[in-house]
Protein chains: 2
Amino acid sequence: MAGHGLTRATTAVRVLDLLRANGTLSRVELAERVELTPATITNAVRRLIDAGLVREVGRDPQQGRGQPRRLLELDAGAWYSVGIQIDRTTTTIVVVDFAGTRIASAGLRGTGAVGPESTVLALAEHVGSLLRRAGVPRERVLGVGLVTHGPQDRERGVLLTAQPGPEWMEFPLTASLSDLLGLPVLLENDADAAAFGEFWAGALPTDTFGLVYMGSGIGGGVVVDGEVYRGRASNAVEIGHVALNGGEAPCVCGNRGCAQAEAGPQAVVAQVLADSSLAERFGVEGRPDGTLADFDRIARAWRSGDREATGLLERSARWIGQAAVALVNLFDLDTVVLAGPAFVIAGPLYREHITAELERSALSRVLHRPQVHVSSNVDIAAATGGALHVLRTLSVGARVPRSRAEADLN
Amino acid sequence: MAGHGLTRATTAVRVLDLLRANGTLSRVELAERVELTPATITNAVRRLIDAGLVREVGRDPQQGRGQPRRLLELDAGAWYSVGIQIDRTTTTIVVVDFAGTRIASAGLRGTGAVGPESTVLALAEHVGSLLRRAGVPRERVLGVGLVTHGPQDRERGVLLTAQPGPEWMEFPLTASLSDLLGLPVLLENDADAAAFGEFWAGALPTDTFGLVYMGSGIGGGVVVDGEVYRGRASNAVEIGHVALNGGEAPCVCGNRGCAQAEAGPQAVVAQVLADSSLAERFGVEGRPDGTLADFDRIARAWRSGDREATGLLERSARWIGQAAVALVNLFDLDTVVLAGPAFVIAGPLYREHITAELERSALSRVLHRPQVHVSSNVDIAAATGGALHVLRTLSVGARVPRSRAEADLN
């Protein structure tokens, strides 16, 4: 029985995915895209219409002969979900409707030195007030996607790392937030969520790509045929801990020469702080929860033409380009997307130098030109991906609230 | 229509996979394993029985109540397939029956400096004579899996590399071998095929693992939930071209410090050849198509306790351990399998040092102890995987030859 449910859910999820990415489609178009018979699609669509998730919206005028095909779309108001991305230095909250459209968002300070209990309390408050301001009733919210750095145990909803502090290790993050909000909470990795958000935003010309996520740390994600790559424990592609040829810096992971230790925002800020005249010129302050703000100051100095800022960022970008070469060679990719708050200002510089490294060193360079894109939602891609993950995971089988079902009868 | 066929094929392939790995199973057990309803499995099994691929073989005596469940098994004689693995230094041919049992094999010299036309001619002759000796009629052979190093275009059946010589690039390998044999030929990557062969040999305690393949070069493969990871172009996980921290050796790929250039069998042999007294002591000859034979001579010297041989191989194993760390961190794995002819003698030494590198540097080391296994079919895993790939890919939908169908009527 569980098995049959799984199969049905999978077809349903694929139908919902396609409608979310395309706006409207006919049953025949859906059958072609998911490679199933029209009869199977008709069944799945009937169930989705009965569940209040999909509706008919008129006929396709393009059809030349026979009866025009009826077009389907998601019922945008059927459900909502919340995506939260937390980091030492930033917190981003988004609310999306069932069609994946962002209807509210908030950018806040990060967790800083605050422990997990206080963080979860503050998040619950912020989510409550954002939903109120957006006019979204709590019973229409399917759940919350909580997005953090890894490693995580996604099943249990806990971090498996003592970053940013020892009290975070194994703290029941999703359970406590779920208790406070009265909503299901799913844990997701920041780089995977960003890859997911980027893909379902429909901004990419391919469904197979790698993603470099740079917040205060560096993570990676891989999407193949539209699905996020998950390994043994569903953790991320740890591109921040690729040991770089020539790297020496000691890393929090215990190794040396990792991309994150050598070239991440923290490393770049530390390099500036080591020269007090440089730190003063860029306005770099060195507060522990101000890494991204400091990094942006350096990026702005680069944009104003400062040679030293340019040199520091180019060095970082070349290192990350090396890590991107490893990503592309091991996963057999030709497209790399850059996402995460550290790329908001510095994105174009990183794009240029990572492209150059790939053109110089990727194994596939003789076969096809590597493509590097800066994400279209560079600072909120991860939170948006977290919210979309909830819509994809929890909507099939959930009951649309009675208030809505009654409204539908009128 | 194609879509429905795809779905049906997928269920059928999963049923065949499970019977191949387990010997016999009941319909109920199959339904549980593939997570589909008993009705769906009953349908799929009926079609497989009608096609002559599966048969009933008695009842399960373990059942306590009700009618005992009928057990199913593959009809081992329904089809055969051939796996060929070619390399500069070795050629391996295996013939397997439909149950995946190896019924004949041959180990031959490699392609050496011979061009692709002559190689394909020789392969066709060898396959013909091996099938005759094994008593397998040509019309019972489903096809041939041709296994080579990458990069490849698997769809077109050509190599996308000028290794081992420029005449190999874009040569119609599968088309010409298929013409000569009158059989379909599928191209497969050596590391992927080895991963595949290892998994379906059922020798591993997990269905998610990485594989390091060492012939005269170094390749990689990843299996997640029992399926081989395929990237954009279905090429391999290029672990041989991970740039190692501290590596300097120039590589055929145009970069420096790659695992293959720094630590592969060719590099180890070159290090011995640089010291003529060492070369003489180990009997290393330095013929271009004798790399693996020379490497085995060094491995035998290690096994006899030679300190210099030990030092050279340990250095190589530590480098490859670094590449394994990148594999494990990027793909989120905890099991690594070593396969390929270079591990036949030296496997235990590599296993020890790769394990040590993973225990020292893998990100997941705090969560679970990394496992390293030497393949149970270390030198023929790739050819066997090529043959199994053919059985999995071509058997569903193929017509069992008339001679057999008639025999079944008697």
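Biologist: Which residue of strand 6 of chain A is the bridge partner of A:Thr91?

Modeller: A:Leu108 is the bridge partner of A:Thr91; strands, like helices, are DSSP runs numbered from the N terminus (E, at least two residues, for strands; H or I, at least four, for helices). The model is predicted, local features need pLDDT of at least 70, side-chain atom pairs count only at pLDDT 80 or more, and totals for chains, interfaces and linings use all residues. Residues are numbered from 1 along each chain as its sequence is written, with chains lettered from A and ligands numbered from 1 in the order in which they are written.

Biologist: How many bridges join strand 5 to strand 6 in chain A?

Modeller: Seven bridges join them, and the two strands run antiparallel. Strands pair if DSSP finds at least two bridges between them.

Biologist: What is the strand order of the open sheet in chain A?

Modeller: The order is 6-5-4-7-10, with mixed pairing. Strand 6 (102-109) and strand 10 (185-189) of chain A are the edge strands.

Biologist: Which strands does helix 4 of chain A touch?

Modeller: Helix 4 (residues 116-134) of chain A packs on the sheet and touches strand 4, strand 5, strand 6 and strand 7 of chain A. Its direction makes about 145 degrees with that of strand 6 of chain A; angles run from 0 to 180 degrees between N-to-C directions, and axes are lines fitted to C-alpha atoms, for helices over the stretch in contact.

Biologist: Changing topic: what rotation superposes chain A on chain B?

Modeller: A rotation of 180 degrees with 0.0 Å of shift along its axis does so, at RMSD 0.1 Å. That is the relation of a two-fold axis. The superposition is by least squares on C-alpha atoms of residues with pLDDT of at least 70 in both copies.

Biologist: Which residue of chain A has the C-alpha nearest the axis?

Modeller: It is A:Asn245, whose C-alpha is 1.8 Å from the axis.

Biologist: Last one: at what angle do helix 6 and helix 13 of chain B cross?

Modeller: Their axes cross at roughly 80 degrees and come within 7 Å. That makes helix 6 of chain B roughly perpendicular to helix 13 of chain B, a label for angles of 65 to 115 degrees.

Notes:
Contact = placed C-beta atoms within 7 Å. Parallel < 35°, antiparallel > 145°, perpendicular 65-115°, else oblique.
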